[in-house]
Each structure stands twice: as C-alpha cells, then as structure tokens.
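Reader: I would like to learn how to read strands and helices in a model. Could you take me through the sheet and then a helix?

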Amino acid sequence: MSELVSTRIRTTAAKLGLPHLAEAINEYTRRADEAKMGYLDFLDLVLSKELAVKDDRRFRQALRLSRLPHHKTLEEYDFSFQSELDPRKVKDLATLSFVEAKANAALLGPPGVGKTHIAVALAVAACRAGYSIYFTSLDDMVRNLKAAETTGRLTSKLGAYLRPSVLVVDEVGYQPLERAEANLVFQVISKRYEKGSIILTSNKTFSEWGQVFGDEVLATAILDRLLHHCEVISINGPSYRLKNRLMAIERENEVA
C-alpha cells in the first residue's frame, strides 16, 4: 500500500471515529499480504477487529459507570473452599439466561462466604455481554431514595435503579429498615418486576425478611415479586475473610 493511500485511510478512519483502524491499518495490510487475503477476507479482518475494539471500549466504559466495588470473575472464586456449593448452579447463572428472561438471582449466606464476589462476577459477565448494570448496597439505595424524596426528586432517582438491565443489590439484611424505607425498596422491586433483573445478596433467610423490612406484609409483597422468577443459591460454608485472617496470623507467628 502506498504511503499516500495509507495516509488517506488513516485520515478517513479518524473522521469516522475509528482511531484504532487509523493506528493499525499498516498491521492489517501486512497480515493480509502474508496470508494472501482476498478483498472480502481483508474487509472481514478489519471490521471484526474494529468491532472487538469498540466492544471492549463499551465494556470498560460501562464498568466505570456501574459502581461495582471491584471487578471479580468466577474463575477467581475458590469453589473448593465452599464444598457444599455446587459450582454448576453458579455456572448456570453465568450463562445469563436469567438476565435474558428478566428474572432474578439471590445469593444467601453468612458474611464472608463470597456472595458479593459471585454477584459482581455475574454482573461483569452481563456487562461483557452488552447488558447495562448498576451496583448498590441496600443501605446506600435507601439513603439515596430518602434524600431524593425529601427534595422532590424521587421519580428521577428511582430511574437510576430502574434503567439498568441488571441491578445488583448487596447486603440486604445487615441493617433493619423502617417501614417508610422498606416501602421505597418495594417501589424498586415492584417497578422492576418482569422488566429487569436483580441480583441480590443477603445474610438473612427469607423467613427473616419481615424483621429486616419492619413489616411482615410488606416483606411478603417484596418477596412475592422478587421470587416469582428467581434462582436462589444458599452458601453456608466458612468465611473467606476469616480464612485469610487466620492464614495471616499463622504467617506472623511463624516469622516471630
């Protein structure tokens, strides 16, 4: 390819918003020459590479907006440490069929067993697949909705929790709610019902949610909508955090 043509292509690519093509065109043509590609094969190479770059850029931008506390994957989860947890159940969720069906997933268990890790990993997988995601703890969501209600912006703020394809609600049950606060949660759950997926983590069994939400009737209404289409995974094994802390103490003792 002549330098003049190469320069024209880079200029056109930049105008089309394809900066990667502008930078990589010489590499593409080199590969095409080596493989003796036809015109259509070369076009397929360029378009597929540009699509991959665009998807990766979208993925990274979506992750930045998701408010995820970290970017964990299921490959990083130590299933061997949780011997009672069937990895197949989690991997079934990772197919994202529940997201496609606008259903929910609930991860239950005591603190430290990796509920949030799995929830985040599923959210990252959903984001990679092109779904919009948003992460919040229950306490933060309630606090933000209360503040918005006070200033007359409740409808607008509700939108932040209703728009994403996947809403991750972490730490349900760590702090009991007043009835007015529980009603705000009900609004989110009911408005998302069959319109978008929720992934939640909780250290309480569903039978204890009446105490969490301060009202048995309201808790039942929330559970009715949440569990109608929901995959539930209970993790009742030991705490990763305690395990790591004990290992650190052992290392300190060995050094001493």
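**Reading the sheet and a helix**

Author: In this predicted model, strand E2 (residues 133-137) and strand E3 (residues 166-172) pair in the parallel sense over 5 bridges, and within that pairing the bridge partner of Thr 136 in E3 is Val 169.

Reader: In what order do the strands of the open sheet lie?

Author: Strands of a sheet pair through backbone hydrogen bonds, either parallel or antiparallel. Here the open sheet has 5 strands in the order E2-E3-E4-E1-E5, with parallel pairing. Its edge strands are E2 and E5 (230-234), each of which pairs on one side only, and the twist averages 10 degrees from one strand to the next.

Reader: Are the two faces of E2 covered or open?

Author: In a regular strand the side chains alternate between the two faces of the sheet. In E2, Ile 133, Phe 135 and Ser 137 lie on one side and Tyr 134 and Thr 136 on the other, and all of these are buried, so that both faces are covered.

Reader: Which residues of helix H2 are buried?

Author: An α-helix has 3.6 residues a turn, so residues three or four places apart point the same way. In H2 (residues 19-35), the buried residues are Leu 21, Ala 22, Ala 24, Ile 25, Tyr 28, Thr 29 and Ala 32.

Reader: Where does H2 bend, and what follows the helix?

Author: H2 bends by about 55 degrees at Ile 25, and just after the helix Lys 36 takes a positive phi of about 50 degrees.

Conventions. Residues are numbered from 1 along each chain as its sequence is written. This is a predicted model: local features need pLDDT of at least 70, side-chain atom pairs count only at pLDDT 80 or more; totals for chains, interfaces and linings use all residues. Side-chain values use heavy atoms; hydrogens and water are left out. Buried means under 20% relative accessible area, exposed over 50%, partly exposed in between (1.4 Å probe, protein chains only). Helices (H or I, at least four residues) and strands (E, at least two) are DSSP runs, numbered from the N terminus. Two strands pair if DSSP finds at least two bridges between them. The expected span of a helix is 1.5 Å times one less than its number of residues. The bend at a residue is the angle between axes fitted to the seven residues ending there and the seven starting there. Axes are lines fitted to C-alpha atoms, for helices over the stretch in contact, and angles run from 0 to 180 degrees between N-to-C directions.
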